[in-house]
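Q: Could you walk me through how to read burial, contacts and secondary structure in a model like this one?
A: Gladly; let's open it together.

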Amino acid sequence: MKKSKKIWLGVIGLFGLLFVLPFFIPTASYLAQFEHQASEILGVPVKINSAHIFFMPTPRIRIDGIVVGDAKQATVQSLTVIPTIRTIFSNTRVIQLTIDQPVFKESALPILTQFMNKPPSSAKPSVIVTAIDIHKLTLDWPKRKLPILDAEMRFDNDMQFLNALITSEDGQIEAEITPHEAGQAIVVKLQNWLLPLEKPWQVEQGRLDMMLHGSHLDISKFTLAMYGGTINGNATLDWQRQWKLNGQLHIKEVSLKTPTSMISVSTYLGGRLMANGRFAATASNAEALMNQLRAEFTFTVTQGVLYGMDLVKVASLLIKQNVAGGETQFDTFTGQLAISGKRYHLKRLNVSSGLLSAKGDISINAQEKLDGSGEVALKQSVGLVSVPVIVSGTVNQPVVLPSKAALAGAALGTAVLGPGLGTSLGSKAGSAMSGLKDLFGGD
């Protein structure tokens, strides 16, 4: 009984010692050495706030308050180093790393790229990392709401990368990374994911097949299921010196009503979209890529509705004031879209339906102001009544009106030849006279 009691007292004393002993180990004297080694590995200054040694539940070192880079390009709340017990007193120690709540700014990408491209040392390593677990990774990119991520990375005893799994806390993103002779093969799967854009369009399901090699990312194929249709294509992204993006995409049977109503609540488009095009951008940083985007697309919308505007009423009444509300149904709507940064040009537009046809060009500037012209034609008993129109206003409040010359010509044609044919001929004549005046510089 006494022997058993002594054993228990010894065990309790040992555990007590393991809890108390870390407080007597002067870890502060090692901080400068830790900082120097980390700075050499990453190639930028590294600062550490504090370090602690624990023996329970297993021996480990926890380093708190890590700051990477002069501009705090990355921060880590804590880094825990867990050695494999059997290698603690070996010449080569095998360890696992747990990184809690790291924050990476966009400016940290060159540091990570340089670290990943660093050639391996020929000397035998004194430390072998077999696992890295990252909890609550935040990507702090301006104007981009990106999800919080968790990651698990595994390496063999020769420090060769085996695989990695990255998941978002909300379950919307999963990425698997495996080594490949051409680099790192990456497969990203998306589920109910909101695009990190100004308008949060939803991807119901998605998959991206990619290959990462240094500072070059080749997206060989991406497929996104959105709003009842699909978007697929390919792209390349390079950030060796400048950020360069190139790619193409194909849109099939995407329903437009929901996504276009996010752009303008008063006037938006319904129907099924088919489109094909290419895009490219070059910028000094990732954030500026979208502002430098250049793209050309051809598109067709079928069985559609223009909500918030009745083009039939605009053309038939020859009104002088904008008519808000109503809608325009059409069979097909075709055209081309050119994108230059925040400027958009819709050209060679053609709308057709049973009673209506329209054509025109519209430009949208960086302030979302509209500037365009076109022609709306209505089929009536006397023939085709065609009315030139001008487009102004903004994306949220567009204004479509008959041109001044068309109104004046229509009034004269109606007075001379009567409504219908006279109105149509008069409006066309007025528009033609206005064009000749502009051609010869008249007022």
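Q: Is Ser 353 buried or exposed?
A: First, a word on the model. It is a predicted one, where local features need pLDDT of at least 70, side-chain atom pairs count only at pLDDT 80 or more, and totals for chains, interfaces and linings use all residues. Residues are numbered from 1 along each chain as its sequence is written, and side-chain values use heavy atoms, leaving out hydrogens and water. Buried means under 20% relative accessible area, exposed over 50%, and partly exposed in between (1.4 Å probe, protein chains only). Ser 353 has a relative accessible area of 16%, so Ser 353 is buried.

Q: Where is Ser 353 found, and which residues does Ser 353 touch?
A: Helices (H or I, at least four residues) and strands (E, at least two) are DSSP runs, numbered from the N terminus. Ser 353 sits in the loop between β17 (343-352) and β18 (356-364). Contact means heavy atoms within 4.5 Å. Not counting residues up to four places away in sequence, Ser 353 touches Gln 329, Phe 330 and Asp 331.

Q: Which helix does Glu 35 lie in, and why does Glu 35 count as buried?
A: Glu 35 belongs to helix α2 (residues 28-42). Glu 35 counts as buried because its relative accessibility is 17%. Leaving aside neighbours within four places in sequence, Glu 35 is in contact with Val 46, Lys 47 and Ile 48.

Q: How many helices and strands does the chain have?
A: The chain has 7 helices and 21 strands. Of its 443 residues, 37% count as buried.
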